[in-house]
Amino acid sequence: MENGGAGTLQIRQVLLFFVLLGMSQAGSETGNFLVMEELQSGSFVGNLAKTLGLEVSELSSRGARVVSNDNKECLQLDTNTGDLLLSETLDREELCGSNEPCVLYFQVLMKNPTQFLQIELQVRDINDHSPVFLEKEMLLEIPENSPVGAVFLLESAKDLDVGINAVKSYTINPNSHFHVKIRVNPDNRKYPELVLDKELDYEERPELSFILTALDGGSPPRSGTALVRVVVVDINDNSPEFEQAFYEVKILENSILGSLVVTVSAWDLDSGTNSELSYTFSHASEDIRKTFEINQKSGDITLTAPLDFEAIESYSIIIQATDGGGLFGKSTVRIQVMDVNDNAPEITVSSITTPIPENTPETVVMVFRIRDRDSGDNGKMVCFIPEDIPFVLKSSLNNYYTLETESPLDRESRAEYNITITVTDLGTPRLKTEHNVTVLVSDINDNAPAFTQTSYTLFVRENNSPALHIGSISATDRDSGTNAQVTYSLLPPQDPHLPLASLVSINADNGHLFALRSLDYEVLQAFEFHVGATDRGSPALSSEALVRVRVLDANDNSPFVLYPLQNGSAPCTELVPRGAEPGYLVTKVVAVDGDSGQNAWLSYQLLKATEPALFGVWAHNGEVRTARLLSERDAAKHRLVVLVKDNGEPPRSATATLHVLLVDGFSQPYLPLPEAAPAQAQADSLTVYLVVALASVSSLFLFLVLLFVAVRLCRRSRAAPVGRCSVPEGPFPGHLVDVSGTGTLSQSYQYEVCLTGGSGSNDFKFLKPIIPNFLPQSTETGSQSPRLECSGAIIAH
């Protein structure tokens with residue numbers, strides 16, 4: 001797996017190299033400009049727009065600027081006119097040294113789209129330096145037997161100028177023994193030689209002196225002088241000779257100081273002091289003298305300063321071997337510096353753009369240039385970035401690269417990228433340079449707010465205080481800044497009859513919901529509406545959620561007694577025969593509660609009674625029954641107070657007052673008085689009046705019960721969203737029936753009014769359940785008394 005990955009990387013590097021090579025060969029428009037050195041800053045160089053055939057407005061709109069290979073801002077571009085101007089005074093000798101021509105390379109960088117244009121600026125030399133001799137006094141020891149025409153080396157003058165401004169000629173004071181001849185060394189530099197015109201005579205004149213003058217070719221020419229002293233030496237007729245006339249040496253640029261470069265060797269056929277040789281550098285430049293040193297006795301040349309292949313690739317040194325008699329021989333040593341991979345690639349950033357808007361494809365993030373000062377494979381480079389990021393490198397000419405987005409970015413997935421740009425050369429060992437770039441992704445409003453729930457259910461107890469906080473909703477937005485700031489609002493209700501604006505309000509900043517007024521469970525048990533969440537982006541995005549509000553019942557309604565009526569009218573008297581068995585149903589207390597749930601669960605208990613042990617009340621249905629057999633000693637009239645209580649917290653209650661009359665039989669509706677016994681006719685008419693009165697009261701009671709139920713139904717219908725008021729027919733509606741089975745009534749009851757007639761007296765029975773009830777046979781007549789049954793009211797809850 002690792003070998004496969006390395007092979008893939010090598011293939012990519014080779015492909016990238018050929019792409020770069022092809023792009024460099026494709027070429028681009030090149031502008032050539034010429035300028036003289038030492039011109040003042042701001043001097044006009046040329047018009048870039050005319051030279052390259054561009055429009056001046058294009059230079060300004062595309063942000064054209066001049067960059068150099070060495071980041072030296074020697075030129076500045078006026079984008080308004082297209083003129084190139086000098087930004088500093090140029091010194092050709094400082095820029096190029098002895099190289100000729102002196103050409104500086106620049107690039108014009110333009111954006112939108114990115115384009116590079118090549119500029120070549122040639123700096124012309126002016127004669128601003130005079131020839132200079134390194135040694136102001138030269139000493140020549142010439143044997144007296146030197147033949148006419150003998151040539152003696154003189155130190156050459158150095159002139160920093162080049163071309164016609166360099167050293168052109170040498171002259172000496174006129175004399176009869178010597179003249180100057182100019183020779184050219186292997187590196188095309190001119191140096192003077194002293195030619196003997198007339199034999200020397202040590203005895204006649206042991207020493208000669210004259211001035212050597214070096215003239216350059218400038219206009220006007222400049223000159224430099226040195227004193228030449230010629231000492232005539234006694235006869236020494238053999239000059240030193242080197243083993244090799246030319247030495248060629250190769251040395252690595254990272255060689256350690258003090259290492260031996262080469263050893264030169266010469267011999268002399270003379271003897272004595274005339275054969276003692278001394279090795280020296282001849283016509284050596286300052287760079288050579290700083291970098292190398294020769295042992296005058298052994299001829300060993302050693303390294304004294306670090307080598308730099310990128311600065312100087314080779315050295316050409318003339319070695320002179322001089323014997324004790326003043327004769328010398330010469331040899332040339334050429335030292336070739338071998339490049340090693342000692343320079344890591346360099347990255348120069350031209351421009352960088354951050355942050356980058358998300359969802360924007362193919363955006364230029366960075367423009368940069370790479371360079372390696374080494375040569376050969378050591379100077380070849382491969383540039384790459386990690387593969388797991390949505391960015392791509394694109395190459396251009398002159399090793400310029402652009403870092404661009406490969407696909408749209410998503411800030412919500414990743415808001416920051418730390419990109420490492422790696423440049424590796426192909427030397428051994430490979431050197432690399434890394435440049436870290438932090439790219440921030442700016443947000444755009446591409447995410448709508450999202451509620452934490454699709455629907456919310458809130459509970460509020462009725463009779464709440466206004467402005468009560470009943471709950472909160474929350475929505476989040478994955479964007480940032482103002483794009484993530486959420487504002488909440490109530491949406492128009494789907495039910496046009498729902499007065500939502502008067503029921504609830506919402507805090508636009510935090511989503512808190514408040515009840516604007518007190519709610520009544522008996523009027524409104526639940527309602528629902530939609531809320532919206534909108535961000536503050538441009539354009540704004542929104543979403544909505546459903547909110548259900550459930551009103552919880554509170555025990556705010558007391559039980560209401562339907563029967564017997566407690567409206568202050570004449571009380572209804574219940575008749576109970578004295579012969580009733582224990583458990584005889586006297587009557588039933590009927591009550592309702594406007595609340596719901598356990599708040600509407602009713603219970604009954606006997607609160608007060610004339611004789612508490614005689615009657616009992618069933619707790620769950622309100623039936624009043626006899627607790628024991630009746631006797632003649634029991635009082636005829638009884639007053640019962642029944643307490644009706646709900647199951648709320650705290651409980652609420654109501655009372656019902658019952659009047660019970662004990663009779664011996666239904667033929668005697670009241671206790672007879674002693675003086676009323678003979679008046680039989682008057683009793684019969686009283687019976688008729690009583691029956692009519694009871695029937696009227698019963699009819700009035702039923703009408704009031706039906707009217708009450710109808711009013712309750714109308715109120716409930718008005719509270720419902722859609723409904724109408726109607727008066728029920730037949731039995732009471734089912735909503736009055738206690739669903740728990742423990743409320744007011746658990747079943748329907750029917751009551752009857754019966755009237756029977758017999759011999760001698762009339763019997764009257766009132767509110768008797770229609771359950772087969774066989775009266776005991778009369779002991780006097782021996783037969784059952786006839787009876788008339790009348791249906792009463794059906795009361796349900």
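Where is Ala 467 found? Keep that one in mind while you read; point 4 comes back to it. Here are my notes on the structure above.

1. **What you're looking at.** First things first: this is a predicted model, so treat each value below as computed from that prediction. The protein chain has 797 residues, and 42% of them are buried. It holds 7 helices and 54 strands. If you take the contacts in the chain with a separation of 6 or more, 67% of them come from residues 24 or more positions apart. The accessible surface comes to about 41600 Å², and carbon and sulfur atoms own 53% of that.

2. **Two cis peptide bonds.** One runs from Asn 112 to Pro 113, with omega near 0°. Pro 113 sits in the loop between strand E6 (102-110) and strand E7 (115-124). Another goes from Tyr 563 to Pro 564, where omega is near -5°. To find Pro 564, go to the loop that links strand E43 (560-563) with strand E44 (573-577).

3. Arg 62 itself belongs to a loop, the one between helix H3 (56-61) and strand E3 (65-68). Is this arginine buried or exposed? Arg 62 is buried, because its relative accessible area of 11% is under the 20% cut-off.

4. **Two residues with positive phi.** Most residues other than glycine have a negative phi. Now back to the opening question: Ala 467 is in the loop between strand E35 (455-461) and strand E36 (468-472). Ala 467 is no glycine, yet its phi is positive, about 65°. With 54% relative accessibility, Ala 467 counts as exposed, since the cut-off for that word is over 50%. Glu 362 isn't a glycine either, and its phi is positive at about 50°. You'll find Glu 362 in the loop that separates strand E27 (356-357) from strand E28 (364-371). Glu 362 is exposed as well, at 59% relative accessibility.

5. **The disulfide.** How many disulfides does the structure hold? There is 1. A disulfide is a covalent bond between the sulfur atoms of two cysteines. Here the partners are Cys 96 and Cys 102, with an S to S distance of 1.8 Å. The torsion about the S-S bond is about 65°, so this disulfide is right-handed. Both partners are hidden away: Cys 96 is buried with a relative accessible area of 14%, and Cys 102 is buried at 0%.

6. Cys 74 is in no disulfide, and the nearest cysteine sulfur, that of Cys 102, is 10.0 Å away. Cys 74 is placed in the loop between E3 and strand E4 (75-78), and it is buried, with a relative accessible area of 2%. Not counting residues up to four places away in sequence, Cys 74 touches Leu 85, Leu 86, Ser 87, Glu 88, Leu 90 and Phe 106. Also have a look at Ser 41: Cys 74 is 33 residues from it in sequence, and their C-alpha atoms are 9.1 Å apart in space. While you're checking cysteines, Cys 383 is another buried one, with a relative accessible area of 5%.

7. **A nonpolar patch on the surface.** Which residues form it? The members are Leu 700, Phe 703, Leu 707 and Val 711, and together they have about 380 Å² of accessible area. Val 711 is part of helix H7, which covers residues 680-719. At 36% relative accessibility, Val 711 counts as partly exposed, because that value falls between the 20% and 50% cut-offs.

Technical notes
Residues numbered from 1 in each chain as written. Predicted model: local features only at pLDDT ≥ 70, side-chain atom pairs only at ≥ 80, totals over all residues. Heavy atoms only, no water. Helix = DSSP H or I, 4+ residues; strand = E, 2+ residues; numbered from the N terminus. Buried < 20%, exposed > 50% of the residue type's maximum accessible area, 1.4 Å probe, protein only. Patch = residues over 30% accessible without salt bridge, like charges linked within 9 Å, V, L, I, M, F, W, Y side chains within 5 Å. Areas by Shrake-Rupley, 256 points an atom, 1.4 Å probe, with all protein chains shown as cover. Salt bridge = Lys/Arg side-chain N within 4 Å of Asp/Glu carboxyl O. Contact = heavy atoms within 4.5 Å. Disulfide = S-S within 2.5 Å.
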